[in-house]
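User: Hi! I'd like to go through the terms used for this model and see what each one rests on. Could you show me the structure?

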Amino acid sequence: MEYMLETENLTKIFDDGVVAVQDISLQVRRDEFLTLLGPSGGGKTTALRLLAGFETPTRGRIQIGDHIVADDSHFIPPEKRRVGMVFQDYALFPHVDVAGNIAFGLQGSKKDQAKRVEGLLSLVGLSPFAQRMPYELSGGQQQRVALARALAPNPDILLLDEPFSNLDTHLREQVRTDVRRILLETDTTAIFVTHDQQEALSLSDEIAIMFDGKLIQVATPHVLYNRPANTQVARFVGDANFLQAEAHGMTADSLLGEVKLFHPKTGRVDLMIRPEALAVNFEGHGKTATVLWREFYGHYQRLGLALADGTELIARAGVDRFFKREDNVSVSLALPALAYDAVSHEVLS
Amino acid sequence: MHLSDVIPTRFRINGHHQHVLTRWHVGNRQLAQAVSLAVVAVVMIPIVYLVNGAVNAGGEGVDYLFRARTLRIVGNSISLMAAATFAATLIAVPFAWLTSRSDLPWRRAWLVLGLAAMVIPSYLTAVTYTEAFGPKGLLQSLLEPLGVDRLPGIKGFAGATLTLTVVTFPYIVLPVRAALLHCDRSLEEAGQSLGLNRWGVFWQIILPQLRPALSTGMLMTALYCLSDFGAVAVMRFNAFTRAIFIQTESYRMDKASVLALLLVGMTVILLLLHSRMQLRGRHYRVGTGASRQLEAAPLGKWKIPALVFCGAVIFVGVVVPLLVLFKWLAGHTLTNPIQVPLTLLIQNTVGVSAVAALVVTLAAFPLALLATRRATGFNRWLVNIAYAGNVLPGIVIALALVMFATQNLLSIYQTLPLLIIGYAIRYLPFSIGATESAFAQINPRFEEAARSLGLSSWATLARITVPLSRGGILAGLALVFLNVMKELPTTLILRPIGFRTFATRIWSAYDEAFLSSVALPGLALILVSAFALAIILRREGTVS
């Protein structure tokens, strides 16, 4: 068994004609942490619900481990899929206490169940809260109970639907780290849905990016950030500058002068330049630019620059020098740029 | 859950539920669909036979429709409905405000006493009023020192209006009070900061927010007035229900059907008008954050008039009927020719009400599940038809079922099953409404979570859906029980010969003018009803 999860041409068209998920083919290796990333309404949650068995696919195949759980002729109901789910609003059963919630999906003797619950409570650090009711817990605690409950029956795959979106910023990073640790400790294969690119980049082994129900690119966070499949992805996963240029093999002529390219190209292209690829100095051999605005973030500063012809760029600079509005600076490209065909926006490698 | 969800405020047209058309996760969908279809088929019976009866009347029926007598009945019903609804609103709005937003002393006690008017059925209130406000009655004895020695009597329009006003005003108090408690205090503060005084705040900020609750309450009152039989029968006021009863009693089914269809048409028009009004505007809190705590408005020098007002409402609505009943009770043992053992009455009334409540609740369950978990166009139609009881007054259902049984199923005529079917059709909307709102409050993710934790769809139903909706379903059950127990016209017409309940006993005692025999079944009925209402109210968090 090479993959823990495999989908082939997975498609969901709702009764009202909305195509929520279109021809998704995806593989997830054992113990991998894969993130479905995309804007809200992009079909990520529907994809997750198809995997869990809460929706029936219009067509396509889903295989979990060795078992086909959905295709043209089979549909395995959710309770037989060995798939755990952590819901966005946690969905803790309000009429059952914490221990009861965690034990809900467990079978076997009361003694075994109690032991398993105890183990999970200590894993998520909530041992003293076993007898509390869900409404007596904070958001972060509820989140951890939901995780323990989903992990209790030892699922083959854990699905997490925007699990951090209901937590405040301060708590979110802590819970994120905790969840990552718990998933590593339990060797869990997990699929995680988010629209927050920071969250996706920092947590995932692999990111699958979805727009309008379609899978655009599956890559490691590093590759996704540095070599996005198209300009839309480039914009979605971070700040990106785009400059028109004329390519001649490994170099191109642009407003920033002659720049190096990542891939050989010829003809008209759009260059994608991340803010940190721009070197900004008070003096230098680069092009002259004016500082339009500056945002200070402690460990770096984000700068808005205007070139002589008015083209605006976003740059990132260290905190060894301080720029202020209307400073005149010199800008040059410190790293090779990624070039997209100016017409189709597709990268040629 | 609020009582306003349980009483049939929800004349549903359509609802917005998230992920309604997803996979079915609780119980068996085919079974739910099949049971729902069967229930709706039963609900269709009275409609079909009513139309059939009216069609049979043919040209004679059309003639009858335009006779002066018929038109007078229409006029009587409309004027009674308008007068009682208007009067009930005038009483209910200040009563609701005083008991929820002012510093009136004993607010909770006033409220509970006011709602107690709901447990006294209209015919019982009416019977006691004929005594209290009639010649040589309670009122006259109070007025005698002032030199009044003759009262005109209260029968007819005045008596029916007074009775219905008193009986229905709680139906406006409840939704209006709930709305007042949910008013957004910061809107009122915004109004004050823009220069409105207290009256300005009430008229321009509070009242607009009350509009949906008020119109729902007034609709319920108007429907009650149109469909009520007890008050008009006792007061001998010739409105629809009394006329239909008289025609049915003398087996003039064609004429009865024409009248009944006309009455149903009027209730349908009322409902349509209401739903158009509701669509015009939406009123809810925009924005997040908890509502501010509401503080009680000081009454100041208005405290005494407010107390007098509440006292007068309670006196007329609750104290007078009880006084009369106790007075009769005192004289009861002396003259009582038709003795029916009280235990038998209790057994019959409670038994038939309990069975009817159970049947209705079970019938409503699959329909409510379809409405909240799979609201396809077809299922919406099914549920809307199941709500037909809202536009079919008890007397109309009874008439239609008599035609059904005598024409096609004589073996069921004057049997308990037919009586139960009649109750079920009438009160199915109560139970569907309560169950539906209980289901709608369950996060569908709970059911999905249970499935993903390995529970089958039946286990999910048993361990998630039913436990989480139990309170709402029980409140609906208690409400149906309460209403069946008080029900008069269906019981009178469909009961097996010799089968007596509190309601029929009160009716025959009145009919045969042995008024003192009303006392015992009347008080017993009030007692049992109060118990059922207490169960419902305990579910309603707002009475605190």
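User: Which residue takes a positive phi in the hairpin of β9(A) and β10(A)?

Analyst: A:D212 does, with phi near 50 degrees, and the hairpin has 2 residues between the strands. This is a predicted model: local features need pLDDT of at least 70, side-chain atom pairs count only at pLDDT 80 or more, and totals for chains, interfaces and linings use all residues. Residues are numbered from 1 along each chain as its sequence is written, while chains are lettered from A and ligands numbered from 1 in the order in which they are written.

User: What makes β9 and β10 of chain A a pair?

Analyst: Strands pair if DSSP finds at least two bridges between them. Here 5 bridges join β9 (residues 206–211) to β10 (residues 214–219), and the strands run antiparallel. For A:I207, the bridge partner in β10(A) is A:A219.

User: Why are α11(B) and α16(B) called roughly parallel?

Analyst: Angles under 35 degrees count as roughly parallel. Helix α11 (residues 240–249) and helix α16 (residues 394–408) of chain B pack at about 20 degrees, their axes 10 Å apart, so they are roughly parallel to each other. Angles here run from 0 to 180 degrees between N-to-C directions.

User: Which residues make that contact?

Analyst: A contact needs C-beta atoms, placed from the backbone, within 7 Å. B:T241, B:I244, B:F245 and B:T248 of α11(B) meet B:I395, B:V396, B:L399 and B:V402 of α16(B).

Technical notes
Helix = DSSP H or I, 4+ residues; strand = E, 2+ residues; numbered from the N terminus. Parallel < 35°, antiparallel > 145°, perpendicular 65-115°, else oblique. Contact = placed C-beta atoms within 7 Å.
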